[in-house]
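This report describes selected features of a structural model. Please consider it alongside the sequence and coordinates shown here.

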Amino acid sequence: MVINMNENQFPENLMYYRKKKGLSQEKVSEYLEVSRQAVTKWEANTSRPSSDNLIKLAQLFEVDVDTLLGNGDREKSSTQGEISIGKMPWVFIGISVLCILAYIIHSALTEIFSIGIFICMFILCIPIQLFLHIYFSNAIKNDSFHGIAGFDNRTAYNIDEVKKLLAQIDLHIGILSTVYIFLLCVINGANLKMQWFNGILIVVYILSFITGIELSNYKMTDKIYRREDDRKRARRSIPVTAVYTLILCMGIGITGIVFETKGIENNTLTAIKICGLLILGIASATIGFLFENSKIKKWNPANTNYKTNKASIISFFICVIMYGLMCVV
């Protein structure tokens with residue numbers, strides 16, 4: 001195969017597309033199964049990759065070989081298939097704001113306004129729905145993902161697929177938050193006297209929020225990660241996150257049930273004890289979750305079988321004990 005290479009443009013393009021994809025020279029060399037020094041020499045224009053490696057590089061950067069070699073229009077290629085978040089999340093944010101305003105006006109006129117319900121709707125709309133939409137939009141626009149939970153600079157990602165995933169998650173959060181704000185508005189605006197149902201709604205919201213994100217991650221695992229080892233680590237972390245989410249929801253649910261069945265009032269000594277045990281249980285579960293995730297990141301799927309961290313198991317049992325004490329306080 002004879003390839004016409006633009007000697008001055010190829011090193012520049014190689015560096016441009018590598019950085020655009022958020023890859024280090026080491027990650028590129030691992031993908032091509034060559035030394036990092038080889039990639040360094042290509043970018044320094046002191047040596048040339050083989051035809052096979054050129055094809056692999058083009059596949060890695062998702063451009064055609066001619067564009068990579070400098071025989072095509074780089075700017076045209078870089079603007080094709082540009083991924084961005086559409087206007088729908090803003091539509092859902094607008095609906096959420098209207099629901100909150102409708103609740104404030106209606107409940108004020110009928111004298112049934114609840115500051116607790118307003119705070120719940122406000123948190124779902126502003127810190128969660130609005131803030132995350134702005135954050136994800138900026139991450140996609142600026143190719144900056146360092147603040148995204150789970151993102152690791154040492155992992156070789158398919159950046160375009162990461163952007164698609166963030167767009168999906170953003171839309172999921174927008175729809176979910178709007179639906180639950182609407183339900184809170186209707187149920188409490190109609191004064192149905194179903195305060196217990198508000199707690200169920202919040203627990204289900206948290207469960208749906210995290211489950212939806214985890215399912216999106218699971219479905220796109222093969223597309224997001226370029227290396228099989230990274231895919232295996234990602235799949236291993238999903239059940240750990242699912243268990244952690246379940247533990248959080250159980251803690252909140254147990255708290256609500258105990259308060260309701262025992263008729264415990266806020267700002268009492270018993271209420272403070274229960275909330276303190278809940279915090280200790282969640283803190284213990286969080287520590288175990290962090291320990292387990294840290295071990296997964298260091299795990300080498302090719303050489304060792306995975307074993308659950310003992311510290312995580314101990315943290316889980318401490319959490320169970322705290323939840324049990326909540327029921328007997």
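## Basis of the model

The model is predicted; local features require pLDDT of at least 70 and side-chain atom pairs count only at pLDDT 80 or more, while totals for chains, interfaces and linings use all residues. Residues are numbered from 1 along each chain as its sequence is written, and side-chain values use heavy atoms, with hydrogens and water left out.

## Helix H13

Helix H13 spans residues 269-298 and has 30 residues. Helices are DSSP runs of H or I with at least four residues, numbered from the N terminus. From first to last C-alpha, H13 reaches 44 Å, close to the 44 Å expected at 1.5 Å a residue; the expected span is 1.5 Å times one less than the number of residues.

## Cysteines

A search of the whole structure finds 0 disulfides, a disulfide being a pair of cysteine sulfur atoms within 2.5 Å. For Cys249, the nearest cysteine sulfur is that of Cys319, 12 Å away. Cys319 is likewise in no disulfide, and its nearest cysteine sulfur, that of Cys327, is 12 Å away. Cys249 is buried at 7% relative accessibility, and Cys319 is buried at 2%.

## Salt bridges

The structure holds 7 salt bridges, each defined as a side-chain nitrogen of Lys or Arg within 4 Å of a carboxyl oxygen of Asp or Glu. Glu43 pairs with Arg18, with the closest N and O atoms 2.6 Å apart. Because Glu43 lies in helix H3 (residues 36-43) and Arg18 in helix H1 (residues 9-20), this pair ties together parts that are 25 residues apart in sequence. Glu43 is buried at 11% relative accessible area, and Arg18 is buried at 9%.

Other pairs lie within a helix. Glu30 and Lys27 form a salt bridge at 3.7 Å between the closest N and O atoms; both lie in helix H2 (residues 25-32), 3 residues apart, about one turn of the helix. Glu30 is partly exposed at 31%, whereas Lys27 is buried at 11%. Lys164 and Glu161 meet in a salt bridge at 3.4 Å, N to O, and both belong to helix H9 (residues 159-189), 3 residues apart, about one turn of the helix. Lys164 is partly exposed at 37%, whereas Glu161 is buried at 11%.

## Nonpolar surface patch

Met88, Val91, Ile95, Leu171, Ile175, Val179, Phe182, Leu183 and Val186 form a nonpolar patch on the surface, with about 680 Å² of accessible area together. Such a patch joins, within 5 Å, nonpolar side chains (Val, Leu, Ile, Met, Phe, Trp, Tyr) of residues with over 30% relative accessible area and no salt bridge. Accessible areas come from the Shrake-Rupley method with a 1.4 Å probe; for residues, only the protein chains shown count as cover.

The elements giving two or more residues to the patch are helix H7 (88-110) and H9. H9 gives the most, with 6 residues. Ile95 is located in helix H7 and is partly exposed at 34% relative accessibility.

Key: Buried means under 20% relative accessible area, exposed over 50%, partly exposed in between (1.4 Å probe, protein chains only). Patches are made of residues with over 30% relative accessible area and no salt bridge: like charges are joined within 9 Å, nonpolar side chains (Val, Leu, Ile, Met, Phe, Trp, Tyr) within 5 Å.
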